[in-house]
Each structure stands twice: as C-alpha cells, then as structure tokens.
Amino acid sequence: MGPRVAVIGGGILGVAVARECLLRWPDAAVTLFEKEDRLAAHQTGRNSGVVHAGLYYPPGSAKAVLCRRGVGLLEAYCAQRGITRIACGKVLVARDEVERSRLDDIVERARANGVPGVRVVGAAELRDLEPHVRGIAALHSPSTSIVDFATVTRSLASDATACGAEILLGHEVTGIRVQGDEVVLATRTADGFGEAPFDRVIVCGGLQSDRLADMAGDGPDPVIMPFRGEYYALRPERRGLVNGLVYPVPDPRYPFLGVHVTPRVDGEVLIGPNAVLALAREGYTWKTVSPSDLAGVVRSPAFWRFARRHWRTGIEEMYGSLSRRRFIAAARAYVPEIDDDDVVPGPAGIRAQALDIDGGLVDDFRISVRGHVVLLRNAPSPAATSALAIAEQVVTGLSDRV
C-alpha cells in the first residue's frame with residue numbers, strides 16, 4: 001500500500017498535484033478536498049485564459065523556469081486530450097519612447113527564458129499584425145496562446161479519478177493537526193464534521209493559502225491580499241478589433257500588468273482587468289463584503305506598508321472600477337476605435353496576492369515545507385500555465401519524504 005496523500009484545493013494546481021501523485025505512485029491513496037461544490041470555482045475558473053510564454057520573468061526565477069516547462073507540458077496535454085488551445089499571439093504596445101525603451105529589457109528576458117520568436121516590430125508591422133491597434137512599436141510573441149483552464153482542470157480531474165483519486169467536493173478543511181507521523185485533517189461538510197489521517201498533505205489553497213498554512217503551523221507570513229480584477233467585454237460585432245492578445249508595456253513601478261484586450265477560446269473578447277482591493281476574499285462585486293476578511297486586512301501591517309507605497313495607484317484603480325469611461329479609456333489608448341457603446345459588463349476574478357511582512361509583493365512562486373505538509377504559499381500568474389510543472393516539482397520534492 002502506498003502513502004495516504006491529501007491535497008487541499010480543487011483549482012488547477014491542486015488537481016494537477018493529485019494527478020501527478022498517482023502518476024508517480026500508482027498505489028498511493030490520494031484524496032482531494034475542495035470546499036466548493038465544483039472544481040475551478042475561483043482563480044482557475046475566473047482568469048483570462050492566457051497561456052503565458054514567459055516574457056516578463058527574471059531568468060532563473062521559479063516563475064521563468066516553471067512557466068517555460070509548464071507551457072510545453074500544457075501544450076502537449078491539450079493536444080493529447082483534444083482541448084482547444086489557440087496560438088493567437090501577443091503584442092506589447094509601446095505608445096511613446098519611454099515605453100519603447102522598456103521593450104528591449106523584456107525582449108532580453110524573454111530570449112534568456114527561451115521564449116521562441118520574440119522580436120520588436122515597428123508601427124507599420126504592428127499595423128499588419130493588428131490593423132486596429134496603434135503604437136510606435138511593439139514586442140510580438142507569436143507563441144503566446146489561450147485556453148480554458150477550467151476545461152483543463154476537469155480533464156486533469158478525470159485522469160486523477162481514473163487512476164484512483166477520490167475528489168471530495170463540499171469538504172472544507174477547518175484544521176490541520178500533526179499527530180506523530182500522521183497529519184490529521186478536520187473537515188466540515190453540509191452533513192457535519194469529520195477527521196481523517198494522512199501520511200502527507202499538500203496545500204494548494206489559493207485565496208485561503210495563508211490561513212491553511214497558519215493551521216499547519218507555518219505562520220501567517222506571507223499574508224494573502226485579495227485583489228479583484230474586473231473586466232468589460234466587447235460586443236460580438238466588435239470582436240474583430242483585435243486578432244490576438246493586446247497588452248500595454250508594463251510599468252515597472254506598478255505591481256500589475258494594466259488593462260489589456262484578451263480574446264478567449266469561446267470567441268469572447270475581454271477588456272481588463274483593473275486591480276482593486278476586494279472587500280471579501282471571494283468578493284467578485286462591490287456588494288460582497290466580509291467583515292472578517294476586512295478585519296484581517298485592517299489588522300495586517302503588511303497591507304498598510306503596501307498601501308503607503310501604492311496609494312496613488314490604488315485610487316486610480318478605484319476610479320477605473322467606478323467609472324466605465326475611465327476604464328475603457330485605458331484600452332482606447334492603444335485600440336482607439338473602442339467606443340463606450342462597444343462594451344458590456346464582463347466577469348470578475350480575484351487574484352490571491354501574497355505580501356511579505358514589509359509590505360512588498362511576493363513576486364515569485366513560494367513553496368514551503370513543514371514536516372509532512374507542503375504548502376504553496378504564493379502561486380499567482382503564471383501559475384495556471386505552470387500547473388503541470390509545479391505539480392512535477394512538488395511531487396518530486398515529496399518523493400524524498402515518502
């Protein structure tokens with residue numbers, strides 16, 4: 001009999017880890033706990049669907065290495081399973097010389113990371129690639145693609161269950177207790193409470209990762225701050241304004257990528273996201289407020305240190321959230337034909353952003369190990385792209401302990 005392994009979290013990372021455990025140890029008893037009634041309910045099912053090529057990440061960083069490995073694994077998996085993936089390409093549009101100068105550094109990073117085909121194009125070639133986009137230059141990444149990560153997650157879950165995994169929906173983990181050589185998980189369901197022992201536990205808790213880590217004795221640092229990203233969508237008759245992904249050149253002073261235009265595999269075209277502090281960890285609208293989640297933000301020294309650094313940006317993002325015109329203006333800066341009447345309200349997602357105690361954003365993936373418990377403490381974008389590679393790394397590290 002192999003090890004008893006529990007995986008907490010039913011997003012793409014948790015499901016990929018459960019599957020990888022059984023590929024590595026076919027006789028393992030793997031149980032996945034998800035508190036919602038479905039898989040991919042939060043970050044996985046509410047992102048833009050971009051399969052990131054690895055343009056921005058510092059060479060040698062976990063993001064860079066795992067993104068590039070993850071892209072290859074994901075592309076092969078989608079081909080094997082017949083999952084739609086569209087290599088639509090991506091342009092980062094420079095509107096002035098300051099932004100043009102930033103492209104050189106991004107190209108250098110992308111090439112160091114092994115991203116194929118990346119190059120800077122001038123205004124005329126940009127117009128050939130994207131006739132309705134305007135800029136003085138752009139970085140073109142022809143290999144960047146799009147996919148539905150919720151579909152990928154469900155396919156990975158089917159693989160895992162076919163190999164013997166048990167996936168328990170509606171099971172919220174409320175406690176993690178080490179008891180000798182075992183880790184006991186306390187759970188809550190609609191029918192009551194329960195406990196079960198495991199040899200190893202892997203926590204892929206996303207928006208709840210710091211709370212689950214605290215249960216496991218790993219402490220509250222880094223703390224998760226929920227940033228809501230809101231989108232608008234182009235009306236169907238205006239979706240032809242872009243052929244592929246159209247992004248601004250990122251500002252190194254700003255922690256997020258800015259408003260971009262994103263086609264999806266179902267044909268929809270999104271504009272966004274902004275980045276505003278959510279009033280609940282799973283609050284996808286301004287109306288969703290969690291007093292306990294807000295109290296956690298207010299009590300966090302990390303948040304106040306972060307806010308002191310970025311308060312101007314925060315105010316601008318809030319204005320963008322409350323003003324449709326201001327939001328659309330950000331996209332119109334490089335797709336000038338977008339009118340206010342061309343868009344309708346779109347979906348929203350929450351990014352689980354980890355902050356260090358000093359208020360700095362944890363930029364890279366962060367995985368910690370405490371005894372028999374492995375914790376994914378920070379897994380922002382490109383975590384979905386990197387999921388199969390992250391699963392490989394986590395299970396490889398766990399192999400030395402099983």
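Predicted model: local features only at pLDDT ≥ 70, side-chain atom pairs only at ≥ 80, totals over all residues.
On the contact itself, domain 1 puts in 21 residues and domain 2 puts in 16.

How much area do domain 1 and domain 2 bury between them? About 1600 Å², with 47% of that on carbon and sulfur atoms. If you look at the domain 1 side, Arg46, Ser48 and Leu207 are the ones to click on: they supply 36% of the area domain 1 buries against domain 2, more than any other three residues.

Now the polar side of that interface. The rule finds 10 residue pairs in polar contact across domain 1 and domain 2, both residues being at pLDDT 80 or more. On the domain 1 face, β8 (145-147) and α6 (209-215) each supply at least two of the touching residues. By class, that face of domain 1 has 7 nonpolar, 8 polar and 6 charged residues.

There are also 3 salt bridges across the interface of domain 1 and domain 2. Take glutamate 282 with lysine 35: their closest N and O atoms are 2.8 Å apart.

Then there's aspartate 210 with arginine 281, at 2.6 Å, N to O. That pair ties together distant parts of the chain, 71 residues apart, with aspartate 210 in helix α6 and arginine 281 in the loop between β18 (276-277) and α7 (291-298). Are those two buried or exposed? Aspartate 210 has 6% relative accessibility, so it counts as buried, and arginine 281 counts as buried too, at 7%.

Stepping back, how many salt bridges does the rule count? The count comes to 26. Let me show you a couple more.

Aspartate 340 pairs with arginine 325, closest N and O atoms 3.1 Å apart. Here the partners are 15 residues apart, aspartate 340 in the loop between α9 (324-332) and β19 (343-355), and arginine 325 in helix α9.

Last one: arginine 119 and glutamate 125, with closest N and O atoms 2.3 Å apart. Arginine 119 is partly exposed, with a relative accessible area of 33%, and glutamate 125 is partly exposed as well, at 31%.

Key: Residues numbered from 1 in each chain as written. Heavy atoms only, no water. Contact = heavy atoms within 4.5 Å. Buried area = accessible area lost by both parts, 1.4 Å probe. Salt bridge = Lys/Arg side-chain N within 4 Å of Asp/Glu carboxyl O. Polar contact = N/O pair within 3.5 Å; in protein donor to acceptor, adjacent residues only side chain to side chain. Helix = DSSP H or I, 4+ residues; strand = E, 2+ residues; numbered from the N terminus. Nonpolar A, V, L, I, M, F, W, Y, C, P; charged D, E, K, R; others polar. Buried < 20%, exposed > 50% of the residue type's maximum accessible area, 1.4 Å probe, protein only.
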